[in-house]
2 protein chains.
Amino acid sequence: MTGPAIQEPSLDEQIAAYQREYGDLDPQVEKVVSALGRLNRRMNVGYGRQLATLGITNAEWEVLKTLVLAGAPYRMGPGELAKRLGLTPAAMTHRIDRMAGEGLVTRDRDESNRVRVIVELTDEGRTKWLEAMRMASDFEGDLLQDLSADERGVLGELLIRVLRRVEDAQPDAGGRLSDLD
Amino acid sequence: MTGPAIQEPSLDEQIAAYQREYGDLDPQVEKVVSALGRLNRRMNVGYGRQLATLGITNAEWEVLKTLVLAGAPYRMGPGELAKRLGLTPAAMTHRIDRMAGEGLVTRDRDESNRVRVIVELTDEGRTKWLEAMRMASDFEGDLLQDLSADERGVLGELLIRVLRRVEDAQPDAGGRLSDLD
DNA sequence: CCTCAAGACTTCAACAGTAAAGTTCGAGGC
DNA sequence: GCCTCGAACTTTACTGTTGAAGTCTTGAGG
C-alpha cells in the first residue's frame, strides 16, 4: 500500500523551469494551480495512510461517505452511487462486491421492484465511517493549523469562488475520476 | 474518454449533511477541504477534455511535462521519471511503450552504460507539450478570471502555507498517485 | 395476455496500475 | 579473470476500472 517516495523539484524551481521553457507563463496563476495540485495529492496520501490503519481504502471510504450523506437508513442503489462517485456501474458492482464481502454494506434486491438493488450500510460500515471521519477531521484541522480563523475563511471563500466558475463552465462534470489522476 | 455525468449535492448541502451526521465537524475547515477536493476534480476534468482534443491523455501529459522540466535535451531514465510521477517502474515501462508507439518519445539503451535506458522527447512530443501548455494556460487563466490580482496572490500564498505544512509532515510523499482517487 | 422497449444492474474482454520475481549489465573482491 | 552483488529496467500475476454486450424485470401497447 505504501509506495516509493515521490521526488519532485520544489514549487519555486518548477515554476522557474516552466518560465524558462514557456515564456508566456503567468507565474501567479501557475503558483495557484501548482499548489492546488500538489496540496490535493498530499492530502490524498494523508487520507490513504490514515484509512489504511482502519483497514479500508480511499475508494471504500468514498462509498461510506456517500451512503452516510444520504442520511438514515443509509441506502442507495448501485447506479446512484456510481453517478455520485463518477464511476461506471460496472466498477460499482465490483466495489460493492468487495465491501459486502468485508461486511461494510449489504446488497439486496428491492422486493418492491426487483430490477433495483439496494446497498445499505451495515453497523460495521457506519462505525468505520465514524472512525474514519474522526481521523479525517483531526488531519484536516492539523492541515490548517498555521492559518488563523480569518485566513481559513478567506481561503474557503476564494476557493468557492473559483469552484463556482468551473462548475458553471462544466455543469455536469462529465468524465470520470480516472480522468483525474 | 468522456464519461457519465457526476451528480453530487451542492457544497452547502453536503456540509449541512455532514453536520447533521457528525456534530463535531468544523464547517470552516470542511468548507476549505471540500472545495479543494471538488476544485481539483473539476480542473482535472477540464485538463482531460482539452488534452483529448490533442489526442493525448492526462497520463501522457504528465510525462511530457516532466521531460520538458528537465530542460534540453529533454532526456531522462524511466526510473527517474517514475520517481517524479510517483509511479512504479513497471507502470513507467508500459507508459513509455505506448508513448514511444505514438511517437511522442524515443526509448534507447544508453550506450555508455547498457543497464540504463534513455527516454527522450521527440519533436512531435515537444510540439504536443507546447500545444497542451497553451491550452492549459488559457484554461487556468480563465479559471481565475473572477479573482483580482491581489486575490490571486492571497490565494497562492495561503495554499503554499498549507502545502508547506503537509510537506513537512510528509517529507517523502510516500504512496503513489493511485492512492489518490 | 403477449410482446417488446427501456431501465438497472451484471458479465466480459481489454487496459493501466502494483508488487514481486526475473533479467541484464557493471563494478568489486578474491 | 571469474564470481557475486547491486542497480536499472522488464516480465508476470493480480487488482480495479472502462466500454460494450448480456440478463432480468417492469410497464406500455396491441
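Biologist: In which helix of chain A is the place of A:Gly156?

Modeller: Helices here are DSSP runs of H or I with at least four residues, numbered from the N terminus, and in this predicted model A:Gly156 has its place in helix H7 of chain A, residues 149-169. Residues are numbered from 1 along each chain as its sequence is written, while chains are lettered from A and ligands numbered from 1 in the order in which they are written. Because the model is predicted, local features need pLDDT of at least 70 and side-chain atom pairs count only at pLDDT 80 or more, whereas totals for chains, interfaces and linings use all residues, and side-chain values use heavy atoms, with hydrogens and water left out.

Biologist: Is A:Gly156 buried or exposed?

Modeller: Buried means under 20% relative accessible area, exposed over 50%, and partly exposed in between, with a 1.4 Å probe and protein chains only; A:Gly156, with a relative accessible area of 3%, is therefore buried. Its C-alpha atom is separated by 20 Å from that of A:Gln170, which lies 14 residues apart from A:Gly156 along the chain.

Biologist: What is the mean pLDDT of chain A?

Modeller: The pLDDT is the predictor's confidence in each residue, from 0 to 100, and for chain A the mean is 88, with 91% of the residues reaching 70 or more. Over residues 175-181 of chain A, however, the pLDDT is below 50, although this stretch has 20 contacts in the model beyond near neighbours in sequence, a contact being heavy atoms within 4.5 Å. Where pLDDT is low, the predicted coordinates should not be read in detail.

Biologist: How many salt bridges does the rule find across the interface of chain B and chain A?

Modeller: A salt bridge is a side-chain nitrogen of Lys or Arg within 4 Å of a carboxyl oxygen of Asp or Glu, and the rule finds 14 across this interface. One of the salt bridges joins the side chains of B:Asp146 and A:Arg165, at 3.3 Å from N to O. On the side of chain B that touches chain A, H2(B) gives the most, with 20 residues.

Technical notes. Helices (H or I, at least four residues) and strands (E, at least two) are DSSP runs, numbered from the N terminus.
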